[in-house]
Amino acid sequence: MTQSLSQAQARRIALAAQGFLDRPHDPPTMRTFARTIARTGVLQVDSVNVLQRAHYMPLYSRMGPYDTALLERAASGSDRRRVVEYWAHVQAFMPVDLWPAMAHRRERYRAERGKWGFVAKDDELERRLLAELAEGGAATSRDLDDGLPRNKDNWGWNWSRTRRMLDFLFTAGELAIAGRNSQFELRYDLPERVLPAEVRNAPDLPVAEQHLELVRRAAVSHGVATIRCLADYYRMSIKDVTAAVAVLTQTGELEQVSIEGWRRPGFLHRDARRPRAVPARTLLSPFDPVVWERERTERLFDFHYRIEIYTPAPKRIYGYYVLPFLLRDQIVARVDLKADRPTGRLLVHGAFAEAHAPDDTAAELALELDRLRGWLGLQDIVVGERGDLVAPLAAHVATL
């Protein structure tokens, strides 16, 4: 008989799987980081810095205020490197030991000449770039640029030939990402100077085994999920995920379940925790794994969420950079935030309560904004005028 889960049970399972039940460390250490990245599996990278870079925020949401140098240390060197950037979800940090399971993706990008299939073959440019990096070490595209005019017709990317070739070589595994500079530009290098030897020398996995590993990790990070949810986590095909789920169900790693309000069957990981409560109080990045698959977010939280960065300002409903507010096991509000670093202020342009928001939402949000302010090194919180939550929020902020 198929096990049934209520929406609330599924929601709490999902939050526990993502690390919101873990005991906090004060201060967070590299051990905390390792535990958290094992939960999330990936940290999506995005260049928007209106509040904080996207890859830092999921760690804050789970670990609390932490030294961002933890991530920088984890993503540097080769012998002790814990994470590396790759096209895992989209551009994202992933654990280095996931590199062998991405071999099929590197092969595909090699065959397709890049992840979007637009990199023209140029043996001389490829040879020169590899030779320059071998001799000079990690470098950005700007360091290596051939000086040719940028392509004005390439739907907004405006990349030079060098930048496009480097992106191809990176996705094909001929290069790896050593890090980023202060301008957030990628620094490319040879894989042997980026990845630990045990990762580079790991035996080749059959493609089906690679798919199994990715689906297994997605299932651990989700706790409970549909095939569509699992496919989205590492951007896999439904066909490949369906085959992997069949194997994992047969071995007992996954159990098919029905979930209240979900039309599609769910799959529960055998090690998923099933808490009665989740004591969370935090803000979530728009790029957090909890909310990046929008249908899943609606099914679990009754929360309709769309990021409006690319929406013209007059058409935005909530604001430019809006973060969901997670309180206990529900998303109860959303806030449009900006870190005004020159003036040392955390600007709350808008604050909006969900229909099911409890009475303590404003008070708890004020405490969370104060915690975020401290982590970002800001001095003041300034509450604006948009949204039904701003008046009570401003009153609570004034008492901090």
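Which residue just after α12 takes a positive phi? Select Gly 252, which takes a positive phi of about 95°.

Before going further, note that this is a predicted model, in which local features need pLDDT of at least 70 and side-chain atom pairs count only at pLDDT 80 or more, while totals for chains, interfaces and linings use all residues. Residues are numbered from 1 along each chain as its sequence is written, and side-chain values use heavy atoms, with hydrogens and water left out.

Next, select residues 238-251, which form helix α12; helices here are DSSP runs of H or I with at least four residues, and strands are runs of E with at least two, numbered from the N terminus. The end C-alpha atoms of α12 are 20 Å apart, which agrees with the 20 Å that its 14 residues should span at 1.5 Å a residue, the expected span being 1.5 Å times one less than the number of residues.

Now highlight Val 241, Ala 244, Val 245 and Leu 248, the buried residues of α12, where buried means under 20% relative accessible area and exposed over 50%, with partly exposed in between (1.4 Å probe, protein chains only). What covers these buried residues includes α10 (207-222), α11 (227-233), β8 (254-259) and β9 (266-269). On the other side of α12, Lys 239 and Gln 250 are exposed.

Finally, go to Thr 282 in strand β10 (residues 281-283), which counts as buried at 1% relative accessibility.

Key
Contact = heavy atoms within 4.5 Å.
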